[in-house]
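This report describes selected helices and their packing in a predicted model. The sequence and structure are shown below.

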Amino acid sequence: DFWCFFGTGICSLLFFTYCYFQAITIMDMSTAAVLLYTAPSIVMVLSLLLFHERITAQKLIALVLAFAGCCLVSLVGGEHKLSAAGILYGLGAGFGYALYSIFARYALDRGYSSSTAGAAILWGAAQPLGVMFASWQGFGLCTALGIVTCYLPYLLYTYGLTGLETGKASILASFEPVVATLVGIFVFHETLTPLSALGCVCVLSAVVLLNLKRRQKAN
């Protein structure tokens, strides 16, 4: 089953990280972030082809709401640089980001727990820490970043896959820019614009929509 974890580590995380950092060196970060959030639509298509998950109207509406919300939150104000190379790198980042859901689903279906995948991710995230051993403060910061921003999110996301369809889980992960907006407001005292607020409402609406149980017809 080596291929499952090679897929999550190399084909997904490494490829996604490389493409994303290339994208933000060519374009502005907000445009790169929006291209990254093409991932849920890619996951939905791949889940249909590989796992035969149905693409329902509920999923499609939630997908549109989530992507529109990400655009409103990320693309408000400022000038946005576009280039063919930047767009390709951004779409590559979205594809690599999407592949995590696919390979993680295969690992879960083969009997591995979410903590197994999480341990592999933590090991990969810890490798660059060797360069920080000269400073305890730097080592502590990198360790905290590795655990809080890499290990725990992917562990929780992988655990979420055990009880959700892959497409739904990927759309729910689009909640990230809403959190970033709220952190910007309450921690860095950034101003909440009307369009950013509307974007947050769109993403929250997608989350609520995906959690509404469809009423079953009586026999």
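## Crossing of α5 and α7

In this predicted model, the axes of α5 and helix α7 (residues 136–161) approach to within 10 Å and cross at roughly 55°. Because angles of 65 to 115 degrees count as roughly perpendicular and those under 35 degrees as roughly parallel, α5 is oblique to α7. The crossing of the two helices is right-handed.

On the α5 side, the contact is made by Y97, Y100, S101, A104, R105 and L108; α7 contributes Y154, Y157, T158 and L161. By class, the residues of this contact comprise 7 nonpolar, 2 polar and 1 charged.

## S114 in helix α6

S114 lies in helix α6, which spans residues 114–126. Its relative accessibility is 11%, so S114 counts as buried, the cut-off being under 20%.

Which residues is S114 in contact with, leaving aside its neighbours within four places in sequence? They are L108, L155, T158 and Y159. Of these, L108 and T158 also take part in the contact of α5 with α7.

## Helix α3 and its surroundings

Helix α3 covers residues 39–51, 13 residues in total. From its first C-alpha to its last, α3 reaches 17 Å, close to the 18 Å expected at 1.5 Å a residue. After α3 comes H52, whose phi is positive, near 60°.

The buried residues of α3 are A39, P40, V43, M44, L46, S47 and F51. Their cover includes α2 (29–36), α4 (57–74), α5 (84–109) and α8 (166–172).

Technical notes:
Residues are numbered from 1 along each chain as its sequence is written. This is a predicted model: local features need pLDDT of at least 70, side-chain atom pairs count only at pLDDT 80 or more; totals for chains, interfaces and linings use all residues. Side-chain values use heavy atoms; hydrogens and water are left out. Helices (H or I, at least four residues) and strands (E, at least two) are DSSP runs, numbered from the N terminus. The expected span of a helix is 1.5 Å times one less than its number of residues. Buried means under 20% relative accessible area, exposed over 50%, partly exposed in between (1.4 Å probe, protein chains only). Contact means heavy atoms within 4.5 Å. Axes are lines fitted to C-alpha atoms, for helices over the stretch in contact, and angles run from 0 to 180 degrees between N-to-C directions. Angles under 35 degrees count as roughly parallel, over 145 as roughly antiparallel, 65 to 115 as roughly perpendicular and the rest as oblique. A crossing is left-handed if the near helix is turned anticlockwise from the far one by less than a right angle, and right-handed if clockwise. Ala, Val, Leu, Ile, Met, Phe, Trp, Tyr, Cys and Pro count as nonpolar, Asp, Glu, Lys and Arg as charged, and the others, Gly among them, as polar.
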